[in-house]
Amino acid sequence: MAITKFLKLVEIQTKAASMIPLLFGTVYAVYRFHVFEPWHFVLMLISLLSFDMTTTAINNYVDYKKANRKHGYGYEKHNAIVKYGMNPTAVLALIILLFTIAVTAGVLLFLQTGWLLLLLGALSFAVGILYSFGPIPISRMPLGEIFSGLFMGFVIIFVSAYIHAGDQLASLSLQGGTVILQVHLLETLLVFLISIPAILGIANIMLANNICDMEEDIDNKRYTLPIYIGKGPALLLFKLLYYAAYVDVIVLAILGVHPLILLLVLLTVVPVSKNIRTFTAQPTKQFTFGLSVQNFLLTNMARILALVVAAVLPFW
């Protein structure tokens, strides 16, 4: 399979939705707990990227198999299996290979960390597969934004911090047939609060995708959130989620959770607002959907860079 076809099949441009939370959780662990485990980071990078590509390939394969509407940008241009005339059997083999790599790296990481990683990893794998596969995939229900936001925005950040910080966040152990879960509630709550901009940004990528695909989704019996609430309310929600993320940054800075340098992230509101106006004026997969990914990169890369500075220069 040619590399260009492979990259299109796994939609490599969307992998920022998993890689950014990985980086943020890692930098947060360095800033908050002053610890970094390079081998753990490499294993999680391999597992996460492979599994993210697996779920995207599954999603494209299922869409290819279940499509009722076989014309339009979403089917003829966006789905790599159709666009490049790919062999469905070869696609299935690739999906199995990517999944095997993801599981292997995940098991190695579990052996290096502990049972909690196995539990969270298995849960994430299950949700990732059910997102695109099964009798009623999550992506075909009005729950895609919630699941993608929480699991990719919060769970990935939590696990990314946990593989470095370990018991300083939580632990799960087996003692004499008894399962003992210990959670540092304050630290876990802080991880959730600092994850909110990522949660909302990822949810908005899914929301933008579903807004763009409303017409085709109706034809293909994908009843997503915009179809339930309508295009107008969906576009309003798209705007509000971004501004809620900025409110979170301000509140956390006031509470002293975020270093003050993170307030520089507020400068991104100018390009983000411009992208919001452009998307809402003409929401299309071909021309403006990428702005939701751009907004996610702008806001969260700015937070990562600010945290790096704060970790190196603690007085910030």
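Mentor: Start with a pair of helices: α2 and α9 are roughly antiparallel to each other, because angles over 145 degrees count as such. Keep in mind that this is a predicted model.

Trainee: At what angle do α2 and α9 pack, and how far apart are their axes?

Mentor: The angle is about 160 degrees, and the axes are 11 Å apart. The crossing of α2 with α9 is right-handed.

Trainee: Which residues make the contact between α2 and α9?

Mentor: From α2 come Ala17, Pro21, Phe24, Tyr28, Arg32 and Phe33. From α9 come Glu187, Leu190, Val191, Ile194, Ile202 and Ile205. Sorted by class, this contact has ten nonpolar residues, two charged ones and no polar ones.

Trainee: Now a second pair. How are α13 and α14 oriented to each other?

Mentor: The same cut-off applies: angles over 145 degrees count as roughly antiparallel. Helix α13, residues 269–281, and helix α14, residues 290–312, pack at about 165 degrees, so α13 and α14 are roughly antiparallel. Their axes are 10 Å apart. The crossing of α13 and α14 is left-handed.

Trainee: Which residues of α13 and α14 make the contact?

Mentor: On α13 they are Pro271, Val272, Asn275, Ile276, Thr278 and Phe279. On α14 they are Leu291, Gln294, Asn295, Leu298 and Thr299. By class, the contact has six nonpolar and five polar residues, and no charged residues.

Trainee: Let us go to single residues. Is Ser18 buried or exposed?

Mentor: Burial is read from relative accessible area, and under 20% counts as buried. Ser18 has 0% relative accessibility and therefore counts as buried. Ser18 is placed in helix α2, which covers residues 16–33.

Trainee: What does Ser18 touch, leaving out residues up to four places away in sequence?

Mentor: Ser18 touches Leu48, Asp52, Met152 and Ile156. With Asp52 there is also a polar contact between the side chains, at 2.6 Å.

Trainee: Where is Thr188, and is Thr188 buried or exposed?

Mentor: Thr188 sits in helix α9, residues 185–212. Its relative accessibility is 17%, so Thr188 counts as buried. Leaving out residues up to four places away in sequence, Thr188 touches Phe154, Phe158, Leu169 and Val183.

Trainee: How far apart are Thr188 and Val42 in sequence and in space?

Mentor: Thr188 and Val42 are 146 residues apart in sequence, and their C-alpha atoms are 23 Å apart.

Trainee: Where do Glu11 and His34 lie?

Mentor: Glu11 is in the loop between α1, residues 3–9, and α2. His34 is in the loop between α2 and α3, residues 38–66.

Trainee: What is the relative accessible area of Glu11, and what is that of His34?

Mentor: For Glu11 the value is 11%, so Glu11 is buried. For His34 the value is 68%, and over 50% counts as exposed, so His34 is exposed.

Notes. Residues are numbered from 1 along each chain as its sequence is written. This is a predicted model: local features need pLDDT of at least 70, side-chain atom pairs count only at pLDDT 80 or more; totals for chains, interfaces and linings use all residues. Side-chain values use heavy atoms; hydrogens and water are left out. Axes are lines fitted to C-alpha atoms, for helices over the stretch in contact, and angles run from 0 to 180 degrees between N-to-C directions. Helices (H or I, at least four residues) and strands (E, at least two) are DSSP runs, numbered from the N terminus. Angles under 35 degrees count as roughly parallel, over 145 as roughly antiparallel, 65 to 115 as roughly perpendicular and the rest as oblique. A crossing is left-handed if the near helix is turned anticlockwise from the far one by less than a right angle, and right-handed if clockwise. Contact means heavy atoms within 4.5 Å. Ala, Val, Leu, Ile, Met, Phe, Trp, Tyr, Cys and Pro count as nonpolar, Asp, Glu, Lys and Arg as charged, and the others, Gly among them, as polar. Buried means under 20% relative accessible area, exposed over 50%, partly exposed in between (1.4 Å probe, protein chains only). A polar contact is a pair of N or O atoms within 3.5 Å; within protein, one must be able to donate a hydrogen and the other to accept it, and residues adjacent in sequence count only if both atoms are side-chain atoms.
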